[in-house]
Structures are given as structure tokens and as C-alpha cells.
Amino acid sequence: MYDLIFYFFALITLGSGAVVVFSKNIIYSAFSLLFTFFGVAGIYVLLNADFLAVTQLLIYVGGILVLLLFGVMLTNKVIDVELKTGTLQTVPASMIVAATAGVLCGVFYITDWRIVPSTMEMNATTAELGNMFMTTWLLPFEIASVVLLVALVGAAMIARKDKSMQN
Amino acid sequence: MLEQYLPIGFMLLIGIGFGLVMGKVNEWFGPKNSNEIKLSTYESGMPPVRSAHERISVKFYMVAMLFILFDIEVVFLYPWAVNFRELGWFGFVEMLVFIVILMLGFLYVWKKGALEWTGERTKTNNSLLNKKVV
């Protein structure tokens with residue numbers, strides 16, 4: 001049953017991922033990415049990483065994907081011919097892909113996988129994470145808000161440069 | 001462990017099923033006496049002026065970008081909210097510091113005018129629409 005669910009989510013992830021890559025229409029790619037993110041969230045759930053799964057849905061599906069779609073929609077006419085993707089620069093691309101795949105496979109074989117039996121009982125991670133944020137890892141937690149502040153200020157500054165010049 | 005996710009699975013199935021069934025029921029049993037006005041994009045709204053396939057304003061991108069940043073803030077709120085009672089006032093103050101730092105960014109964005117929805121483009125669009133309606 002466990003394996004069946006895993007292959008179901010893996011199939012969703014890989015299948016929609018293939019559509020993202022191979023689709024000629026960029027808007028189909030963007031929407032297909034939704035299912036890829038969803039499949040990855042399902043795999044996180046299977047790995048007992050429930051907080052990560054929620055984060056994946058909240059940020060990637062709820063935020064990044066919307067941003068991506070806006071990005072596609074505001075760059076050009078969506079149903080236009082101009083947005084078709086093509087195949088170009090095959091040689092450098094395949095070299096980079098081969099190098100990346102080689103490194104990934106190397107890491108895959110080197111890594112000492114300490115496999116935990118899937119029947120092992122695991123607790124929900126969210127409450128545990130909350131406790132750790134508030135006690136052991138308080139400083140990184142507060143620094144995260146500073147990082148977000150920097151991102152906010154930076155985004156506002158880049159987007160509204162013209163207005164500050166007028167003032 | 002997977003049994004905990006059974007309600008989510010049911011929710012998903014009901015959601016997909018409800019959408020499909022309602023759409024199909026409408027298609028099968030609904031009366032089909034349509035005319036040109038009924039088939040228009042907005043039956044009782046503004047007449048469509050031009051193609052909907054056009055560039056959308058960059059302002060949407062700005063809003064989406066700010067949304068993601070506050071979305072990440074919510075992700076940090078979530079593990080705290082789960083054990084809010086255990087952590088008590090100490091956790092509350094810690095979270096207050098977190099929120100206040102982000103609130104500075106919010107104030108900056110507000111003062112900077114990134115949340116304002118005025119600009120040349122929307123003005124011209126509105127005047128165009130008003131003319132058509134009148």
C-alpha cells in the first residue's frame with residue numbers, strides 16, 4: 001500500500017515534470033508545474049515530513065506558481081506564437097546536463113543512506129519544530145524575519161524606483 | 001501513520017467529485033434555451049471591449065511578490081501556533097519581535113507606495129471603459 005502510494009505520487013511528479021519540459025506552450029508548462037509541486041508534497045508526506053509538505057503547498061503552489069504565472073502573463077501574449085519554446089544550443093545544454101547528472105549519480109552512490117524502516121512510528125513534526133524555533137533555534141528564527149525584511153525592502157525599492165526619484 | 005491523512009484524501013476526492021458531478025448535472029438536466037446575450041462573456045455586465053489575451057499590468061507581479069514574502073511569514077507562524085499554549089507568554093513575545101521586524105518592512109512598502117493601485121495605464125483603461133458604457 002505504502003509503495004503503491006509512493007509510485008502514484010512519483011508518477012504524478014515525473015509525468016507532469018515531463019510535460020513542463022516538453023510542452024511547446026509555456027502556459028501549459030506553468031500549469032503542469034502545479035502537479036509537479038503537488039506530487040513532491042505527497043512524497044514529503046510519505047517521508048513523514050508533514051511540515052515540509054504544508055510549506056511546499058503553501059509557498060510553492062500558493063505563491064511561487066502564482067508569481068510564475070503572472071510572470072508568463074505579463075511578459076507577452078499568452079496564446080501567441082512568440083511564446084513557443086524551441087530547442088536550441090543542444091551541445092552546451094547536453095554537456096551541462098551530463099555534468100549535473102554525473103554529479104547527482106555520484107552523490108547518490110557515495111551517500112550513506114541510513115534507511116529507517118517505513119513501519120517505524122513517527123510523530124508529527126510541526127509541534128516539535130515550533131518548540132525548537134522558540135527555544136534552541138531562537139536566534140536563527142528572529143534572523144529569518146530580518147532576512148524577510150530585507151527581501152521586502154529590496155522588492156519595494158526595485159519595483160518603485162521611479163516614484164522615489166520624483167519625490 | 002498514513003491513516004492520519006485519510007481525511008485529506010477524502011477531502012480531495014469529495015472536492016474533485018463535487019466539481020465534476022455538479023458540472024455534469026448542470027449539463028445533463030439544465031434547460032438549453034440560450035440566445036446571443038446569454039452566451040456573452042458577462043451577461044449583465046460590461047460589454048467586452050477587446051481581446052482578453054493581453055499583457056497584464058506589472059502591478060499584479062508586485063502584489064504577488066509581496067504576497068510570497070508574507071506567505072513565508074505565515075509558514076513561520078504555523079509551528080508556533082500549533083503549540084501556542086505550551087509556549088505561553090515567552091513564545092508570544094518572541095513571535096511579537098518577529099512580527100514587529102516584519103511590520104517595519106510592511107510600513108516601508110506602504111510608505112513607498114508599492115501598495116497603491118494608481119498609474120497611467122489603469123487611468124487610461126478606466127476612461128476607455130467609461131466611454132464605452134456611456
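Leaving aside neighbours within four places in sequence, which residues is A:F141 in contact with? Here, contact means heavy atoms within 4.5 Å. A:F141 meets A:F133 and A:M134 from chain A, and B:F76, B:E94, B:M95 and B:F98 from chain B.

Before going on, a word on how to read this. It's a predicted model, where local features need pLDDT of at least 70 and side-chain atom pairs count only at pLDDT 80 or more, while totals for chains, interfaces and linings use all residues. Residues are numbered from 1 along each chain as its sequence is written, chains are lettered from A in the order in which they are written, and side-chain values use heavy atoms, with hydrogens and water left out.

Now back to A:F141. Along with B:F76 and B:F98, A:F141 has the most contacts inside the largest nonpolar core, which has 18 residues. Such a core is a set of buried Ala, Val, Leu, Ile, Met, Phe, Trp, Tyr and Cys residues joined through side-chain atoms within 4.5 Å. Buried means under 20% relative accessible area, exposed over 50%, and partly exposed in between (1.4 Å probe, protein chains only). At least two residues of this core come from each of α5 (125-134) and α6 (138-159) of chain A, and from each of α2 and α3 of chain B. These helices are DSSP runs (H or I, at least four residues), numbered from the N terminus.

Let's look at the interface itself. Chain B brings 50 residues to the contact and chain A brings 49. Together they bury about 4,500 Å², with 77% of it on carbon and sulfur atoms; that's the accessible area (1.4 Å probe) that the two parts lose on being put together, summed over both. The largest share, 21 residues, comes from α2(B).

Finally, find A:G130 in helix α5 of chain A. A:G130 is buried, with a relative accessible area of 0%. Not counting residues up to four places away in sequence, A:G130 touches B:P79, B:W80, B:N83 and B:L87. Compare A:T87: A:G130 is 43 residues away from A:T87 in sequence, and 46 Å away in space, C-alpha to C-alpha.
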